[in-house]
Every structure is written in structure tokens, then in C-alpha cells.
Amino acid sequence: MLFIAVTARPIVQFKLSDIGEGIMEVTVKEWYVKEGDKVSQFDSICEVQSDKASVTITSRYDGVIRKLYYDVDSIALVGKPLVDIETDGGQAESPQEDVVETPAVSQEEHTHQEIKGHKTQATPAVRRLAMENNIKLSEVVGTGKDGRILKEDILNFIAKQTGAILPPAPFQEIRPPPPAAAAPLTPSAKATPPSVPIPVIPKPVFTGKDHTEPIKGFQKAMVKTMSAALKIPHFGYKDEVDLSQLVRLRSELKGLTESRGVKLSYMPFFIKAASLALLHFPILNSSLDENCTSITYKAAHNIGLAMDTSQGLLVPNVKNIQMLSVFEIAVELNRLQILGASGQLGTSDLTGGTFTLSNIGSIGGTYAKPVILPPEVAIGALGKIQVLPRFNHKDEVVKAHIMNVSWSADHRIIDGATMCRFSNLWRSYLENPASMVLDLK
């Protein structure tokens, strides 16, 4: 009689290791696998989000997923298991490094998937929809750019398979009451109609319900940061800048930068002018210790740009502006804006800032009272550019491109005269952009 020995394959608990910055918990934003899926080393397992950045968790093992410990939007704790992986037993375990974290990458890099030697492009949300419906992406024809598979392509594929028509599911929170049945008229009522008809207006019935959500992720970080910021005595200063010459210069350079694949906005000029002015006023690029006993002057100009994203207010920063050209700043801003739009900004992009500009004009504001982001000591809010009448040097009324700026500074170490002189120098670079050439390095 022949006996075959069957050796059970070991199951490894795949834990969430320390991802730095003192982070102890994260929110699971999306699973890229499900129970029973085969994974290889460096395959994406899930995406998690802390109060600082989004991080993609990748596998250390070859094996089969046997258990997912969290649902989407659940809180995962550092040091606790994320998934169970059944391995082949030949892989050494390393308790000091159970998880490989990779900073989130751009959408174009992150959404490629190899299927049977053919590169299929789809977002994580589309891959998840296909996985839930047991659909192979290689069988779906993508109608997006460069053959990218869209959500609509998956839904149409499902409809063709089932012969179903997918109707929209509108959300209705307020509904009118059913019309009241008309009462029969008596003979006297028929003979004597009312002299003043009174209209009957049905009252809508409100069916919505309140709901409570926990504060987490980037919103939790914003609560913490703003609570600390409001302990700072803010000093405000406002001015206007004539950008007429800069508007003409950008118009001349726009076609050249687009031929290089880079979109040129006004922001690279604003940021570079700020860096040039900070060289003369380094106190605005400093930080104050918690006990207010020492000032640290930062050598690098890591200037942040406040972004309004689907995840809330995020402030990534461009590193070492003092060493970059206007074009190089534009390249870096393009990268940060793409990552911000796709929710893929990494920890390195969101930390280490020394000075911040907030472009409220992109939404439509003119003046603001910006709040300093500690440990920084100054911030500027840029209003929208307006075409307004102004007098030229001949006392003639001309059209001018005017932008308002609102500064806030830490009044414990920055006085009004310093803030005013910094603003005047920054404004002079923008009103006469040719002067920036003299100070560029």
C-alpha cells in the first residue's frame, strides 16, 4: 500500500510594521487582493492612509491570501496582522520586517497590471470592481486613454454578460406627499363657487437622517495642526501686486514649457520670488522651539503649496527652492498636483516644509487670513488675478492685472516692519520679473 505524506503549508501573519513619523494607526483605504488570491513578493496588498500620507503595502512572501483582518475604512494598528499568507515553507520569516512599505506613486505608474504578458491599465477602484465580479481585465476592452479600462467598461461588460440594463439609482432625500383626494361637491357648492380660491400647497416631507463619522486620516491631522497653530499670535499684512509684466512673460514662455511637456502656471514665479526674498529675510524661513528660547534658521527653502483635494487640505512642499530654476519648480509642481489629485502624495512630499503659500485665487478669493502651519513662522495667501483700472507713470488710466496677497507671521519673533520689507521685495520681483535674473543662481 502506498502512503503519500501531505505536509501542511505554513501560514504567516503579515503584520503592519512601523511606517515612521510616530504613526500608530492607519485607515485601510483599498484592498488589492481577496482571500484565495495568489501573491508574489512586491505585489501590492493594500493602500493605507495615515494622518500624514498614503502608503502602499507590498508583500514579502510568495503564497496564497487566507484571511483579511480589516474591512475598507477600518482602522489598522501598527504591529497587528493585516493578512494571513499561506507560504510554501521555504521562505524565512523575519519578525523585524514583516511588511514592505512603498511610498505611493503616481497614478500612471500605480495603475499598470501585467496580465498574460499584456499590460492592462486600470485604477485600483476599477480592479477592485472587476475582482468583486470575477471578471478578468484581459477580457475587457478599455475605452479610456491609451486603452485604459474605465469603470463604465466593467459595467458594460457585466451588462453584456447578463443581458441586464443598468439604470441609474438616484438618491432622493425629500419627497412630496401624495396628493389629497378631492371631496365630492354638494349641490349647494356647485351653485355657489368661492369668491377667493385658496391654493393648497403640499408640504414636503423630509426623510433625511443625521449620521456621525469619526475624524481620521488627513482630517485628523488638520484638527491637530490647527489646534497648535491657533496658539501662535498671528500678525497680518496685506498688499496688492501688479502682475501685468509677469502675465506677458508667462504668455511668452507657456508654449515653450508645453513643448517640454510641462504646464506653466504663475505659481513657480511666486515661489521662486519668495525664495529670493527669504535670502534677505531668513527669519521668515525659521522655526521657534516649544519653550520659545531658541530660533532655528533653516538653510533649505522647502516651500509648501496648500492644495484643495478630495481628501481635504494638503500642503506638499517643493524641496530646496533656492537651488531650482523656475522651470524645475514647474516640473515639481506638476508632479505634486498629479499625486494630490489621485490621493498618492507620500510622506516625504508632505513633511519638512519651511514656508507656505496658499493659492486661494484658484477658487476665487481675493483676501484671506491664512493660518500658520507650525513649526513654520509665516504663510502667504494669494488672491485671484483681476483686470482693474490703474494709473500709469503718465497718469493715464490703463488695464492692470492685480493680485492681492495676505501674509500672516508669528508675531513673537517677526515684527511688522520685517514682514512689510519682505513683501515689498517679493512684490518687486513679480512686478519686474526681469529683475529676478540678476539674483538667480
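**Exercise 1. Find which residues of α7 meet which residues of α10, then describe how the two helices pack.**

*Solution.* 
Step 1. List the contacts, meaning heavy atoms within 4.5 Å. From α7 come F269, F270, A273, A274, L276, A277 and L278. Their partners in α10 are F422, L425, W426, Y429 and L430.

Step 2. Place the helices. α7 covers residues 267-278 and α10 covers residues 416-431. Helices (H or I, at least four residues) and strands (E, at least two) are DSSP runs, numbered from the N terminus.

Step 3. Two packed helices are described by the angle between their axes and the distance between the axes. Here the angle is about 135° and the axes are 9 Å apart. Axes are lines fitted to C-alpha atoms, for helices over the stretch in contact, and angles run from 0 to 180 degrees between N-to-C directions.

Step 4. Classify. Angles under 35 degrees count as roughly parallel, over 145 as roughly antiparallel, 65 to 115 as roughly perpendicular and the rest as oblique. α7 and α10 are therefore oblique to each other.

A note on the model: it is predicted, local features need pLDDT of at least 70, side-chain atom pairs count only at pLDDT 80 or more, and totals for chains, interfaces and linings use all residues. Residues are numbered from 1 along each chain as its sequence is written, and side-chain values use heavy atoms, with hydrogens and water left out.

**Exercise 2. Trace the salt bridge of K29 and state what it joins.**

*Solution.* 
Step 1. Apply the criterion: a side-chain nitrogen of Lys or Arg within 4 Å of a carboxyl oxygen of Asp or Glu. A search of the whole structure finds 8 such bridges.

Step 2. Find the partner. K29 pairs with D73, and the closest N and O atoms are 3.6 Å apart.

Step 3. Locate both ends. K29 sits in strand β2 (residues 25-31), while D73 sits in the loop between β6 and β7 (75-77), so the bridge ties together parts 44 residues apart in sequence.

Step 4. Check exposure. Buried means under 20% relative accessible area, exposed over 50%, partly exposed in between (1.4 Å probe, protein chains only). K29 is partly exposed at 33%. D73 is partly exposed at 41%.

**Exercise 3. Give the strand order of the open sheet of 4 strands and name its edges.**

*Solution.* 
Step 1. The order is β1-β8-β6-β3, with antiparallel pairing. Two strands pair if DSSP finds at least two bridges between them.

Step 2. The edges are β1 (11-15) and β3 (38-39), each pairing on one side only.

Step 3. Examine one pair. β6 (residues 63-68) and β8 (residues 81-87) share 5 bridges. V64 stands opposite E86 in β8.
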